[in-house]
Amino acid sequence: MNLGDVMSIGRNGLNAASHGSQVSSQNISNATTPGYSRRVANLEPVPLDQGGGVRATSTTRVNDQFLERRGLSARAYTGEGEGRVRTLAVLDTVFSDGQGSVGEALDAFDSAMTDVANEPNSTTARQMLLARADSLAQAFHRADEAMSTARSEANGRITTVIKDVNKQLDEIGDLNAQIVAGTNVRQDVGDLQDRRDELIRSVATQMPVTVLAEGNGSVTLMLSGARTLVGSDAQVHHLVTGMDSTSGAVTVQRMTNGQLEDITSYFTTGNIGGTIAARDGALADAQKNLDQLAFDITSAYNTQHAAGVGLDGVTARNFFNPTATAAGAAVGFALSADVAGQPQNIAAAQATTSLPGDNRNALALVGLRDKLIGLNGTATAQQAFSSMVAGGGAAARSAADQLDHASASLSQVEALRDAAAGVSTDEEMMNLMKFQRAYQASLRVIETADSMLSQLLNMRFGG
């Protein structure tokens, strides 16, 4: 080895230390950048016959694929919880026991009916009964409207999210192409990969996705492992929303073999999946049960009311507006035109011969309060409503519990990822100091070799 070799070793050391310092500085600068993965400078020894010393071969982006997969699942689970909680939040309002609720209005209606039974000749009591009946109708309308609005908002959120997801899929496709091109010419594509992973995580919050890594640096992104969203060739399959002609519910479709395919069933988790499950599950059931309760009350009271007679001696009148089926009964719940604004037509009496003080039919109407007219003849109207309250509350609590558990799981996975791929500023500062010392040492080698070379030249020329 001659002094030229020593100079070469020092020069290689300077380059390697400089590269390591750049990598550590980059890590420190991006310590708080969302989605950034720590970089590691790869160094290797250089054989003496090739110049000796050390050289920087590449930079590795730290990425644990197993943790990434766990993270995607945890994000989808958390998104599902968020979708359920947001969609079912209306049930806490609809099925509360406060002022204006169906339960409160039903109690007031029963009380007014009792007053008519106690004073069948009282116009005031009859007017109050009609007013309470109208309040009951308004309570049904408010509850139905609130749930219809919640379903409409759920449909709107699905449509909006699908549009946002399509934009993210386009960007993932573009990044795929850029990463492949960069990899082919040995460019550093770490920042592009970070951005792509962050977009994939965002998509995973909305729907269940599977990522398949390809050898050329691209990825294939699939919905539930069954339908391709972004191909390794950067081809993007956009999602579109449709509408079920029967229920009016928004559906999700994808172009498959030239035809739109309904893929709504593939959204088993994620924000969209949770929204769909809540919309078509607990929320739809609550609205159906509300319709059924309105229908049962209408049928029972109309049947009994038609058996009595009003103060004018007329019989066979409906108290509530009759409906043929339970579907839509809540929004259609209203006083019958037979009695609306006509308190004298309330059939409190059982027979015309006993007018005007007969209250036997009014007592029978009061008795409906304790009759099993709800839940297919297994519960009173109040019990049926209480069952709805319990069911709605249980669904909302279950969604909240799921979200809490999912959030905790996601936090745990993110902590593991941060430990593996995140930046520790303390560690990077130590690395920076290490490379700085290595740089100083290599510089000292060069200075020493230069000094020795100068001395040798002086000796050679008699200096």
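**Close-up views of a predicted model**

View 1. Valine 211 has leucine 221 in S4 as its bridge partner. The model is predicted, so to speak of local features a pLDDT of at least 70 is needed, side-chain atom pairs count only at pLDDT 80 or more, and totals for chains, interfaces and linings use all residues. Residues are numbered from 1 along each chain as its sequence is written, and side-chain values use heavy atoms, with hydrogens and water left out. Strands S3 (residues 209–213) and S4 (residues 219–223) run antiparallel and share 5 bridges; strands (E, at least two residues) and helices (H or I, at least four) are DSSP runs numbered from the N terminus. Between the two strands lie 5 residues, and glycine 217 of this hairpin has a positive phi near 100°.

**View 2. An open antiparallel sheet of 3 strands.** The order is S3-S4-S5, where pairing requires at least two DSSP bridges between strands. S3 and S5 (227–230) are the edge strands, each pairing on one side only. S4 and S5 are joined by 3 bridges, and methionine 222 has threonine 228 in S5 as its bridge partner.

**View 3. Helix H2 beside helix H6.** The axes of H2 (residues 65–94) and H6 (residues 270–306) come within 7 Å and cross at roughly 30°, which makes the helices roughly parallel (angles under 35 degrees). Axes are lines fitted to C-alpha atoms, for helices over the stretch in contact, with angles from 0 to 180 degrees between N-to-C directions.

Notes. Angles under 35 degrees count as roughly parallel, over 145 as roughly antiparallel, 65 to 115 as roughly perpendicular and the rest as oblique.
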